[in-house]
Amino acid sequence: MTEYNTLTLEKAEGIATLKINRPKMLNALSQEVLEEVSVALDEVEKDGAIRVLIVTGSGTKAFVAGADIKEMKEKNAIEGTIFSSLGNAVFSKLEQLRQPTIAAVNGFALGGGCELALACDIRIGAENAKFGQPEVGLGIIPGFGGTQRLPRLVGTGKAKELIYTGANVAAEEAYRIGLLNKVVAVEDLLEETKAMAEKIIKNSPLGVEGSKKAINQGMQMSIQQGLALESEVFGALFATEDQKEGMTAFVEKRNAQFENK
């Protein structure tokens, strides 16, 4: 297993937990963090035993409080573009990971932290979670996908309000607007997140991966193109052992036993 300086990657019972581990910096995203996250995602992607990835932050104050402002401050236009492109490449890799991903949001998820959560499939927040895209107050815009993923998740009007004002959103409001799937007590965050991961693991690995592919790619298509993709993925799964086992188990009135792929 790879050794990391700015994060930890733990694996147990089909679940990988990637934790940004810079608590003194409120888990801020530096270039090194982004590069290590990219390596960790490659490790998870290739591990056939991993069925779900949980992403979280170290400590109780912050999931990720944003990008590292001290590191960004002296960048010029070309360097800023390169840094944004790096963040976008890493978060797109997270979004497109074959395994489903769950953000366990513990505390502040601001700027790049909010964007990291947006790149995950599902977001569960502790009661102290706070979301925001404060970049306009720094003279820039969200640069790791916030202007693209936030409108797709909460609607264009609400996304513009949040980005233009730079306002923070508490956990309950984040849940109300669809930014969070669930709000839980601080002390229950990881337990509740793992419980959801375990529900996912009970299902067909190929069925879950196929669903993620159809949703993610279909959202970038017209409805007719998306329906054609759905039919393609649906049909392809009839050539798999997962389909044979799932339907046979249903007919035989027993629990399906799916194998990791």
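1. Ground rules. This is a predicted model, where local features need pLDDT of at least 70 and side-chain atom pairs count only at pLDDT 80 or more, while totals for chains, interfaces and linings use all residues. Residues are numbered from 1 along each chain as its sequence is written, and side-chain values use heavy atoms, with hydrogens and water left out.

2. The sheet. Look for an open sheet of six strands, in the order β1-β2-β3-β5-β7-β10, with mixed pairing. At its edges stand β1 (7–12) and β10 (182–184), each with a single partner strand, so one side of each has no neighbour in the sheet. On average, neighbouring strands here are turned by 20° against each other, direction ignored. Strands (E, at least two residues) and helices (H or I, at least four) are DSSP runs numbered from the N terminus, and two strands pair if DSSP finds at least two bridges between them.

3. Strand β3. Is this strand buried or exposed? Six of the six residues of β3 (residues 52–57) are buried, so the strand is largely enclosed by the rest of the structure. (Buried means under 20% relative accessible area, with a 1.4 Å probe and protein chains only.) V52, I54 and T56 point one way, while L53, V55 and G57 point the other way.

4. Who sits beside whom. Strand β2 (residues 15–20) runs parallel to β3, joined by six bridges, and I15 stands opposite V52. β3 also runs parallel to β5 (residues 101–105), with three bridges; V55 has A103 as its bridge partner there. By contrast, β1 and β2 run antiparallel, joined by six bridges, with T8 opposite K19.

5. The helix over the sheet. Helix α1 (residues 31–46) forms a right-handed β-α-β unit with β2 and β3. (Right-handed: with the strands pointing away from the viewer, the path from the first strand over the helix to the second runs clockwise.) α1 lies across β1, β2 and β3, running at about 15° to β1. Such angles run from 0 to 180 degrees between N-to-C directions, using axes fitted to C-alpha atoms, for helices over the stretch in contact.

6. The axes of α5 (residues 146–154) and α6 (residues 156–165) come within 7 Å and cross at roughly 135°. The two are therefore oblique to each other (angles under 35 degrees count as roughly parallel, over 145 as roughly antiparallel, 65 to 115 as roughly perpendicular and the rest as oblique).

How values were computed:
Buried < 20%, exposed > 50% of the residue type's maximum accessible area, 1.4 Å probe, protein only. Contact = heavy atoms within 4.5 Å.
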